[in-house]
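Subject: Structure handover

Dear colleague,

I am passing on the structure below, together with notes on what I found in it. Please read the notes with the model open beside you.

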Amino acid sequence: MDKPRLGDYRIEGIVGVGRMGVVYLAIDRITGRAVALKVLREDVAADPVYRARFRREGELLAQLEHPHIIPIHGMGEVEGELYIASRLVSSTLRNLILAGPLSIDVAMKVLVSVASALDAAHAAGVVHRDVKPANVLLDPGPEVFLGDFGLARDNDGSQLTAPGQVLGTIDYMAPELLDGERVGAATDIYGLACLACETLTGTVPYVRETDAATMYAHIVEPPPSVSERRPELPRTLDAVLAAGMAKDPEDRPASAGTLVIDMLGALGRPAPACLAA
């Protein structure tokens, strides 16, 4: 988008480019507030499936009011261009992991926040389907927000994925996503366990040379040992994350909060009030 503005928003620069949208730093000319302005990419803007998926992301975010779900300030369409304006944040968990090892305290604070956000989404009948470090948004503190609900499904949502089409990020994909089976809250719990592995160790669960090998590992191979990758972590944590990454969704913890509470227990830390087992 070459225009210096979109509706009431003045475009200042590009923040990032994602699967469906380009995110701009923009200024709301009415309020003066800086926002992250996500605009549907031009190369997919003519596709009605992508347009429907983009609109639904805004609708889902609008209904999911939660301290750890990225808040939106507005959404709409200007001259055929769809946009979602949301809170502008300074970084992502992905950037934090790349900057160096996280302390266990910081890692668990992030995971508690993400689990709380996922439980709220699940309570509203929404499955995120793309839990990964790049979708965990951070401000100093860190203040933690789960974002990018572009692949989310709600109970009443129409089918926006073609048969056999795999959507998500392979390093964090539950086996049922790869097999094309029905997804649910347990799918996000698997993604959260994968996220926890990387947040605590700096490495994705399965480091493989090809996407096919990574997919095979998620479907067949046992979960990794985080205590081997980071010896200060207790072995009891391995069993907790193995449960979160169980191949059968029914064998995973009942909620994202339960998974993180079990992690905190293995680490000898109390469960926070914001999580319910």
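**Helix 5 and the model**

Helix 5 is mostly covered, since 15 of its 17 residues are buried, where buried means under 20% relative accessible area, exposed over 50% and partly exposed in between, with a 1.4 Å probe and protein chains only. Helices (H or I, at least four residues) and strands (E, at least two) are DSSP runs, numbered from the N terminus. From its first C-alpha to its last, helix 5 reaches 25 Å, close to the 24 Å expected at 1.5 Å a residue, the expected span being 1.5 Å times one less than the number of residues. After helix 5 comes G202, which has a positive phi near 85°.

This is a predicted model, in which local features need pLDDT of at least 70 and side-chain atom pairs count only at pLDDT 80 or more, while totals for chains, interfaces and linings use all residues. Residues are numbered from 1 along each chain as its sequence is written, and side-chain values use heavy atoms, with hydrogens and water left out.

**Confidence**

The mean pLDDT (the predictor's confidence in each residue, from 0 to 100) is 90 for the protein chain, and 93% of its residues reach 70 or more. Where pLDDT is low, the predicted coordinates should not be read in detail.

**The cores**

A nonpolar core is a set of buried Ala, Val, Leu, Ile, Met, Phe, Trp, Tyr and Cys residues joined through side-chain atoms within 4.5 Å. The largest one has 59 residues, and F149, L192, L237, V260 and M263 have the most contacts inside it. Its largest share, 11 residues, comes from helix 3. Leaving aside neighbours within four places in sequence, F149 is in contact with E57, L61, L64, I69, A121, V126 and H128. A second, separate core of 11 residues includes L6, V22, Y24 and A26.

Six strands form an open sheet in the order 1-2-3-4-6-5, with antiparallel pairing; two strands pair if DSSP finds at least two bridges between them. Its edge strands, strand 1 (5-6) and strand 5 (72-78), each pair on one side only. Helix 1 packs on this sheet, touching strand 4, strand 5 and strand 6, and its direction makes about 155° with that of strand 5; such angles run from 0 to 180 degrees between N-to-C directions, with axes fitted to C-alpha atoms, for helices over the stretch in contact.

Strand 6 is joined to strand 4 by 5 bridges, with V39 opposite Y83, and pairs with strand 5 over 6 bridges, with G74 opposite A85. Strand 5 and strand 6 form a hairpin with 2 residues between them, and E79 in the turn has a positive phi of about 50°. S86 also lies in strand 6 and counts as buried because its relative accessibility is 13%.

A further open sheet has 3 strands in the order 7-9-10, again with antiparallel pairing. Strand 7 (91-92) and strand 10 stand at its edges with a single partner strand each, so one side of each is left without a neighbour in the sheet. Helix 3 lies across strand 9 and strand 10, running at about 35° to strand 10.

With best regards

Notes
Contact means heavy atoms within 4.5 Å.
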